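Please look over the sequence and the structure first, and then follow the sections below.

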Amino acid sequence: MSVAETIAHLESAVPIAGRKAPPCTVVIFGAAGDLTQRKLVPALYNLANQRLLTASGFATIGFARRELDDAGFREYLGGELRGHVGESFDDGVWSWLCTRTSYVSGNFDDPAAYERLAAQLERAQQEFGTAGNVLFYLATAPEHFGLVARMLKARGLLDQSGGRWRRVIVEKPFGHDLASARALNRELQSELAESQLYRIDHYLGKETVQNLMVLRFSNAIFEPIWNRRYIDHVQITVAETLGVEKRGGYYDKAGALRDMVPNHIFQLISLVAMEPPISFQADAVRDEQCKALRAMQPFTPADVLSRVVRGQYAAGNAGNKTLPAYRAEHAVAPESTTETFVAMKLGIDNWRWSGVPFYLRVGKALPKRTTEISIHFRKPPMVLFRHTEVESTKPNVLVVRIQPDEGIALTFGAKVPGAALRLGSVFMDFSYSDHFGSTPATGYERLLFDGMLGDQTLFQRADMVEASWAVVDPILDLWTKVLPHDFPNYHAGTAGPVDADELLARDGRQWRTILDTTS
């Protein structure tokens with residue numbers, strides 16, 4: 001299909017699935033950065049390719065300090081796009097998106113730049129029929145969130161009169177502790193209504209994360225046993241083979257706990273632990289997530305010492321790559337006490353989960369890249385097998401794989417063929433790509449699309465952010481007073497510090513090995 005034919009098809013086609021986004025302009029602040037080039041524009045391209053953008057009512061505007069004109073910005077984005085969308089790249093789709101892409105150069109605190117942005121929004125409305133609707137995406141450092149919101153409001157660019165909408169997406173981190181999270185919420189809420197504010201966590205854009213609610217609430221075989229009577233414990237693992245690479249300057253200030261736990265990990269836990277919502281409306285779902293977060297047992301100093309493990313990697317081989325020690329990475333202090341690994345045992349104080357531990361671990365320079373949730377059910381009683389050769393039974397395990405191979409697996413016992421009664425484990429595996437085919441995705445498509453639709457279900461609310469930091473704060477507080485004495489305490493390419501294994505061994509349990517994808 002020629003470029004002209006592709007554009008004509010985009011103008012007339014119905015969406016591949018679902019409804020189209022309403023007319024709007026997407027404005028990206030920090031548009032000259034890596035996130036825009038690698039994730040956001042490829043996501044917009046994929047949405048266009050799936051016919052989910054309104055052909056006669058869409059535009060996008062980049063806003064950044066770099067001195068570029070429209071042509072230069074388009075060239076910057078297009079230079080890497082083919083590599084990020086793979087074989088699905090279509091010159092016609094990119095040409096369609098490109099003609100609707102413009103650029104505003106300026107500092108975030110420059111009123112004149114916002115005047116230029118207002119003029120460009122007016123041109124987009126006139127030329128492309130965007131109806132005055134705008135989705136502002138703040139792909140900036142968090143310290144700029146409040147400034148940009150104030151400048152937008154001062155210029156009247158957040159005004160929703162006349163039936164139009166104006167929404168703002170902000171990227172994590174949402175603060176670096178409870179006090180800063182509260183301060184950021186106050187700052188943003190002084191300029192924006194909560195209904196205009198979309199706190200994005202790209203983990204929630206992954207299909208398997210979204211499928212957690214469907215798995216639980218649309219299958220009668222799971223929800224009746226999703227409680228303390230049948231579930232022994234839950235494990236959540238987020239493992240990366242990479243070190244900190246070029247992010248040493250940021251990571252040495254943040255660490256694994258701040259970087260992953262109060263956002264990605266706690267979002268996963270809230271979806272696993274939440275009660276059934278009264279509907280799938282955004283606030284109904286987020287109400288139940290927030291209740292689960294608030295039910296997490298608070299950590300005392302003694303709890304932090306006994307139930308939380310931190311680690312830092314030494315040199316080694318991970319993911320077929322030789323990694324230097326963390327302290328030898330670029331922009332990392334040579335005596336850094338920043339953790340690159342965290343494991344902890346959490347409890348949730350409510351009727352459903354009382355007595356069921358949630359174990360989580362997250363780390364860099366581990367043997368395999370994987371993110372998974374495993375639900376470990378209680379062992380059946382052995383009384384039935386007391387006069388047989390069966391010495392023990394293995395518990396059922398439901399594994400929800402989030403990345404890189406999205407899918408769901410279930411292990412259960414079956415008799416091994418033969419005259420004797422022997423049990424073996426059977427592994428049933430569902431893979432999204434095998435069953436539904438693979439769709440090019442960056443993880444941001446669903447979130448950008450929901451932002452355009454005004455659906456906040458997959459976005460964090462202010463109270464959720466603060467509830468998460470309230471759990472983490474006591475850990476951070478103790479760690480500033482009690483420095484680690486054994487860093488580095490695991491080699492790159494191993495499964496983390498020995499103390500993490502002992503955390504479960506004390507309870508008579510063990511981690512699922514992150515090297516094993518079939519059990």
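## Terms and basis

A salt bridge is a side-chain nitrogen of Lys or Arg within 4 Å of a carboxyl oxygen of Asp or Glu. The model is a predicted one, in which local features need pLDDT of at least 70 and side-chain atom pairs count only at pLDDT 80 or more, while totals for chains, interfaces and linings use all residues. Residues are numbered from 1 along each chain as its sequence is written, and side-chain values use heavy atoms, with hydrogens and water left out.

## Overall make-up

The secondary structure of the protein comes to 15 helices and 18 strands, where helices (H or I, at least four residues) and strands (E, at least two) are DSSP runs, numbered from the N terminus. Of the 519 residues in the protein, 54% are buried; buried means under 20% relative accessible area, exposed over 50%, and partly exposed in between, with a 1.4 Å probe and protein chains only. Among contacts (heavy atoms within 4.5 Å) between residues at least 6 apart in sequence, 79% join residues at least 24 apart.

## Salt bridges

Side chains of opposite charge can pair when their charged atoms come close. A search of the whole structure finds 28 salt bridges. One of them joins Asp507 to Arg509, with the closest N and O atoms 4.0 Å apart, and Asp507 is partly exposed, at a relative accessible area of 29%. Asp507 and Arg509 also belong to a network of salt bridges that links them with Asp232, Lys345 and Arg378.

Asp259 forms a salt bridge with Arg247, the closest N and O atoms being 3.7 Å apart. Asp259 lies in helix α9 (residues 248–273) and Arg247 in the loop between β7 (231–239) and α9, so the pair ties together parts that are 12 residues apart in sequence. Asp259 is buried, with a relative accessible area of 4%, whereas Arg247 is partly exposed, at 36%. In another salt bridge, the closest N and O atoms of Asp283 and Arg461 are 3.0 Å apart. This pair links distant parts of the chain, 178 residues apart, with Asp283 in helix α10 (residues 282–294) and Arg461 in the loop between α13 (445–453) and α14 (462–481). Asp283 is partly exposed, at 40% relative accessibility, while Arg461 is buried, with a relative accessible area of 11%.

## The nonpolar core

In soluble globular proteins, nonpolar side chains tend to be buried together. A nonpolar core is here a set of buried Ala, Val, Leu, Ile, Met, Phe, Trp, Tyr and Cys residues joined through side-chain atoms within 4.5 Å. The largest such core has 154 residues, of which Phe29, Leu117, Phe136, Phe266 and Met452 touch the most other members. Helix α9 supplies the largest share of this core, 12 residues.

When neighbours within four places in sequence are left aside, Leu117 is in contact with Val27, Phe29, Ile61, Phe63, Val104, Phe136, Leu152 and Leu157.

## Helix packing

Helices α9 and α10 pack at an angle of about 105°, with their axes 8 Å apart. Axes are lines fitted to C-alpha atoms, for helices over the stretch in contact, and angles run from 0 to 180 degrees between N-to-C directions. The contact is made by Phe266, Gln267, Ser270, Leu271 and Ala273 of α9 and by Gln289, Ala292 and Leu293 of α10.

The axes of helix α2 (residues 34–49) and α13 come within 9 Å and cross at roughly 75°. Here Leu40, Pro42, Ala43, Leu44, Asn46 and Leu47 in α2 meet Glu445, Leu448, Phe449 and Met452 in α13.

## Two buried residues

Trp226 lies in the loop between α8 (207–217) and β7, and Trp226 is buried, with a relative accessible area of 0%. Apart from neighbours within four places in sequence, Trp226 is in contact with Arg216, Ile231, Val272, Arg352, Trp353, Ile375 and Leu398. The C-alpha atoms of Trp226 and Ile375 are separated by 9.2 Å, although these residues are 149 residues apart along the chain.

Val472, which lies in helix α14, counts as buried at 1% relative accessibility. Not counting residues up to four places away in sequence, Val472 touches Leu257, Val261, Pro262 and Phe266. The C-alpha atoms of Val472 and Phe299, 173 residues apart along the chain, are separated by 8.2 Å.
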